[in-house]
Each structure stands twice: as C-alpha cells, then as structure tokens.
Amino acid sequence: MEPNRILVHTSHIAVRWGDMDALGHVNNTVYFRYAEQARIEWLESLGVTDMVNVDGGPVIINASCTFLKPIVYPATVEIDILIGKPGNSSLPTYFEIRCEGEDTTLYAEGAVKVVWWNPRTGISQPLPDFIRQIYRND
C-alpha cells in the first residue's frame with residue numbers, strides 16, 4: 001500500500017446476521033459492501049450526491065481486499081477510508097476494517113482505484129480541484 005495515505009472518513013456499520021455465510025463468518029463479498037458504503041458516505045460528505053445525472057463523477061476501475069481475520073455476528077465494523085496521491089483522473093483509495101472495541105486488530109484491508117469520468121460519454125476527465133485539495137491540505 002502507498003505510504004503517504006491520508007485518513008478522510010470513518011464509518012460504523014452494524015454486522016447483520018444475513019452478512020454471514022455457511023461457515024459462520026461475514027462473507028467475503030460483504031467486506032466490499034462495507035467499504036463501498038463508507039466510500040459513498042465520504043463522497044456524500046464532500047457534496048458528491050448525484051453520481052449518475054452529472055457531467056463528472058467517480059467510477060471504480062479496480063478493487064482488492066486482503067482478508068486477515070474473520071468477522072462474526074454480532075459486531076459493529078469500523079471502516080477507515082484513506083486516500084493516496086491523486087493522478088490526473090484517478091484517485092487511489094484504501095480501506096481498513098476493524099471491529100469496534102478492538103482498535104488495533106485489523107480484520108481486512110484493501111484498495112479501490114477511483115477514476116473521475118463523464119457517465120454520458122464514458123470518458124475519464126481530470127479530478128475536480130476539491131478532491132485534489134484534500135490531499136494537498138494534509
């Protein structure tokens with residue numbers, strides 16, 4: 001992972017019974033949903049609320065996750081969203097998942113590369129200045 005990451009948002013999500021699979025732990029796909037929810041909350045806090053009917057918005061081009069420890073119900077997960085150095089049209093984002101009450105135990109970590117694009121044309125475009133400013137102000 002990129003060394004110069006900046007923490008930009010933290011979300012808390014209750015683990016639902018239905019998040020678990022037959023093995024008795026949270027299914028791997030759900031980790032991506034937790035990260036997605038936290039990333040959307042962060043973008044909404046920046047005023048990016050309409051991601052379809054706009055001239056530019058974020059789209060994911062790559063996502064990965066390393067599962068370090070199984071999460072089981074009941075729990076509340078804490079998801080940190082971090083960003084790395086912006087590119088021209090892309091922004092590396094990262095997530096770390098912990099369970100509340102276990103501040104140092106990392107259950108999963110991952111990366112999501114976001115590209116700013118025009119949904120009408122399908123073509124990438126430069127990141128908006130308000131996104132770049134977050135990295136510069138740290």
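In this predicted model, the side chains of Asp 19 and Arg 16 meet in a salt bridge, with N and O 2.8 Å apart. Side chains of opposite charge can pair when their charged atoms come close. A search of the whole structure finds five salt bridges, and some of the others are worth a visit too.

One of them joins Arg 98 to Asp 80 through their side chains, at 3.6 Å from N to O. This pair links distant parts of the chain, since Arg 98 belongs to strand S4 and Asp 80 to strand S3, 18 residues apart. Arg 98 counts as buried because its relative accessible area is 16%, under the 20% limit. Asp 80, at 11% relative accessibility, is buried as well. Arg 98 also forms a salt bridge with Glu 96, where the closest N and O atoms are 3.0 Å apart, and both of these residues are buried. Through shared partners, salt bridges join Arg 5, Asp 80, Glu 96 and Arg 98 into one network.

At 2% relative accessibility, Ser 11 counts as buried. Its side chain makes a polar contact of 2.9 Å with the side chain of His 9, and another, of 2.5 Å, with the side chain of Glu 41. Leaving aside residues up to four places away in sequence, Ser 11 touches Ala 38, Glu 41, Val 77, Glu 78 and Ile 79.

Helix H1 comes next. The helix runs over residues 28–45, and its 18 residues should span 26 Å at 1.5 Å a residue; the end C-alpha atoms are 27 Å apart, which agrees. Its buried residues are Val 30, Tyr 31, Tyr 34, Ala 35, Ala 38, Arg 39, Trp 42 and Leu 43. The cover over these residues includes strands S1 (6–14), S2 (57–67), S3 (76–83), S4 (90–99) and S5 (108–118), together with helix H2 (129–136). Ile 40 also lies in H1, but this residue counts as partly exposed, at 26% relative accessibility. Between Ile 40 and Pro 92 there are 15 Å in space, C-alpha to C-alpha, and the two are 52 residues apart in sequence. Just after H1, Gly 47 takes a positive phi of about 95°.

In soluble globular proteins, nonpolar side chains tend to be buried together. Here the largest nonpolar core has 31 residues, and those with the most contacts inside it are Tyr 34, Ile 71, Val 77, Ile 79, Phe 95 and Ile 97. At least two residues of this core come from each of S1, H1, S3, S4, S5 and H2. The top contributor is H1, which gives seven residues. For Ile 97, when residues up to four places away in sequence are not counted, the residues touched are Tyr 31, Tyr 34, Ile 71, Val 77, Glu 78, Ile 79, Thr 105, Leu 106, Tyr 107 and Ala 108. Among them, Tyr 31 and Tyr 34 are buried residues of H1.

Definitions and conventions: Residues numbered from 1 in each chain as written. Predicted model: local features only at pLDDT ≥ 70, side-chain atom pairs only at ≥ 80, totals over all residues. Heavy atoms only, no water. Helix = DSSP H or I, 4+ residues; strand = E, 2+ residues; numbered from the N terminus. Expected span 1.5 Å × (residues − 1). Buried < 20%, exposed > 50% of the residue type's maximum accessible area, 1.4 Å probe, protein only. Contact = heavy atoms within 4.5 Å. Salt bridge = Lys/Arg side-chain N within 4 Å of Asp/Glu carboxyl O. Polar contact = N/O pair within 3.5 Å; in protein donor to acceptor, adjacent residues only side chain to side chain. Core = buried A, V, L, I, M, F, W, Y, C linked by side-chain atoms within 4.5 Å.
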